[in-house]
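Work through the exercises below with the structure in view. Each task is followed by a solution in steps.

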Amino acid sequence: MQVAPDSLEVLQPKNPTEEDERTGLSVETLKRAFLHNLFYIQGKFPRLATHQDYYNALAYTVRDRLLQRWNSTAHTYTELGSRTVAYLSAEFLMGPQLGNNLINLGIDDNLRQAVAEMGQDLDHLLELEAEPGLGNGGLGRLAACYLDSLATLEIPALGYGIRYEFGIFHQQIEGGWQVEVTDRWLRYGNPWEIARHEWTVQVKLGGHTEHHMDETGRFHVRWVPYQVINGVPYDIPVLGYQTNTCNTLRLWSAEAPDSFDFTAFNAGDYLGAVQGKMESENLSKVLYPNDNISQGKKLRLAQQFFFVSCSLQDMIRILHGQGLSINQFHQKFAIQLNDTHPAIAVAELMRLLVDEHGMDWLQAWSITQKSLAYTNHTLLPEALERWPLGLFQQLLPRHLEIIFEINHRFLEEVQAKFPGDDARLQRLSLIDESGERYIRMAHLACVGSHAINGVAALHTELLQQDVLQDFFEMFPEKFSNKTNGITPRRFMVLSNPGQTQLLNRTIGSGWIKHLDHLQHLEPHMTDSGFRQEWWQVKQANKVKLTRYIQQHNDLTVDPSSLFDIQVKRIHEYKRQHLNVLHILTLYNRLKANPNLEITPRTFIFGGKAAPGYFMAKLIIRLINGVAQVINHDPQVRDCLKVVFLKNYSVKLAQHVYPAADLSEQISTAGKEASGTGNMKFALNGALTIGTLDGANVEILEEVGPENFFLFGLTAPKVYELKASGYSPRKYYNANPELQEVIARISSGEFSQGDPDLFRPLVDSLLHWDPFLLFADYHSYIECQDRVGKSFNHTDQWVQMALLNIARMGKFSSDRAIREYCEEIWKVQSVPVPLSNYDTVPQCRFSPDRGNGSQPH
């Protein structure tokens, strides 16, 4: 490691007039703090330090600046007893922290200079950060964007989730197939987290319940568990942009109360001595264990209950620490359930209030409903979680009793409002009794929450008309729409510095906190110099991505080609295989006519398939099979390239979004709740090809149909076609190009001569085609032809791209959070005055107090 020779001189005692080493932001102070952390935290001097040591020292240097704001925030919230948002999510796809914190602190330039003066490259150190694999896609990334906006808008908030030791998985590609490898993101530790062992809580599982009446005739239930697990909180600071507010993401790690059985060990049962530790810690090992097997279902339900119970107990601790009564719980906390994973919070909050705090049922139910709100994220009925009644009885016996009681009282309400409608009772019941009995978790969330929202206008409309229609008719006042949003701090300022600098020079930097200010770009679109400068930024971003592809895929791609990108979770409804059908259509045309002139394209895919989702994994295999053939075919490789970027992540996304020319948002209409990738691409100047699905509808409304490549059936047409008896064969027989594409897939050309490899996929399309690829194929191909022609008119394309950027103001997560605060949470901003540790008023120590990072 090369470091300036005089670096150790910086470790000498500072002049009393210099900035505080923990909080100062000047270049010299940052240099001194960096080396102090290398020396005293990493225990290394420069000659022995590794790249990882330098990254950690840099992270601790930045974290020190966060801690001042973190503690000031916690102190302010505690003293004021601020009403607080508690955001419960099974996923938080936060992405790398260092770069984002530099942006929000406003010290990226100073730190870059400080690091350079010590012989280091900031960009290289940024790449060393391991990304926490705490999410799999849009759900977790939305949660992360919302935490960023909550802090930026100075809203008191806590994020609650699970500290997955091994995250989702690290995706490798072997022989074209996805292979899941352990994601050891914690192997070097996590400098951004602080363990709070003093706030450990206990979580019960299994066992049985005991009922009795006390001397006053009051009914009591005691839960006697089979197993007790400790939940240990790990806190991560979440800083807002150019504000003192630094909120907390609190992640729970499972530990055994007794991690070592000495008696078993002395008896020679060495495995048994640590059996309890292994069983307990499995709860927070992996995100989304494969639930195709019964053990996986049990573990997944236990995970969800674990983090929900820990979080609710933590809220009660905070409540009591601030001297508030349990009766004020709903006044202190606004709890948002991010999809159905935390829906067990309805039953667990009731258990805590009734069983642990002696509250009567009606009061507890009132507090529970006033505290909870539910965001639905899916239109796929199979994605609305259900748990077998037997599994619930085995794992959560007391909660099953509570759910039965909630259901009994709720169905009485339904009966009163819709007398004699037995079919409605069956549809609304929390218990599905159509076959094997199941607990319907979305139903539980709807009944136990005071607010229910969708995440795009179309999504909310379809929830009310279809998926949750009965609940809408029962509780119309609960429903509202909150269209998703993204944070421009990560997905523009950090990811696309060239575009950010151009916008700042052109319209100022106010758009970073007020994204609607991007509309001020529109008058500049007539300036040919501005258009040319933006196009140069786009080309530079594409060159940067080509270097990544060369390094990681050993493939040379042309940065002047049209970068046609689809990066998202792999799922049949997202229709990555429709994209492949288009690629093969072009391939067939070129093979039939080598002199055909087409717009050169680089097709780029990325995303992970759930480990137990065979068809999604087969789609990945098809993409890689097609890439292998096309990329090595000398007849077409100057016109077509196909790339699959393995292990797609937030870090990789920061390279991809700025380089895209075309954004593929091609899900079957009526299936995508919202999507946020569509917003990130458009914000970075990519044009969208898409269906009228999710937030595509609202993007189209904002940018205008002339700046959006629209194709395919609408959601009503999809419903109508399916209801009338959809026949994919009809579309197949009527389209010779489609027949040729399917024949090529079936031939074994992309599967090393094996004609059976893709048979399940081909058979599914020919006989069922549940997501209507064949019905949309012709429209999609025609639309793609228009894309190719438009891209050849560079100046027109640039104007369309710039208009997309200028009209993305609506899609800021700041706007979404303001709507939640005003219409659902009823929470107001709380400005935080910055204070040093020696200026905070001294308080008598109490281990149970505190709303943030420290007991107060």
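**Exercise 1: Histidine 571**

Histidine 571 is found in the loop that runs between strand S18 (562–567) and helix H23 (576–592). The model is predicted. Decide whether histidine 571 is buried or exposed, and find which residues it touches.

Solution. Step one: the relative accessibility of histidine 571 is 12%. Buried means under 20%, so histidine 571 counts as buried. Step two: leaving out residues up to four places away in sequence, histidine 571 touches Leu380, Gln576 and Tyr613. Step three: the side chain of histidine 571 also reaches the backbone nitrogen of tyrosine 573, at 3.1 Å.

**Exercise 2: The largest nonpolar core**

State how many residues the largest nonpolar core has, and which have the most contacts inside it.

Solution. Step one: the core has 271 residues. Those with the most contacts inside it are Leu88, Phe329, Ile335, Phe392, Leu581, Phe774 and Trp825. Step two: helix H10 (residues 294–321) gives the largest share of this core, twelve residues. Step three: take leucine 88 and set aside its neighbours within four places in sequence; its contacts then include Tyr160, Phe307, Val308, Met315 and Ile335.

**Exercise 3: Cysteines**

Solution. Step three: cysteine 145 counts as buried, at 1% relative accessibility. Cysteine 783 is buried as well, with a relative accessible area of 0%.

How values were computed. Residues numbered from 1 in each chain as written. Predicted model: local features only at pLDDT ≥ 70, side-chain atom pairs only at ≥ 80, totals over all residues. Heavy atoms only, no water. Helix = DSSP H or I, 4+ residues; strand = E, 2+ residues; numbered from the N terminus. Buried < 20%, exposed > 50% of the residue type's maximum accessible area, 1.4 Å probe, protein only. Polar contact = N/O pair within 3.5 Å; in protein donor to acceptor, adjacent residues only side chain to side chain. Contact = heavy atoms within 4.5 Å. Core = buried A, V, L, I, M, F, W, Y, C linked by side-chain atoms within 4.5 Å.
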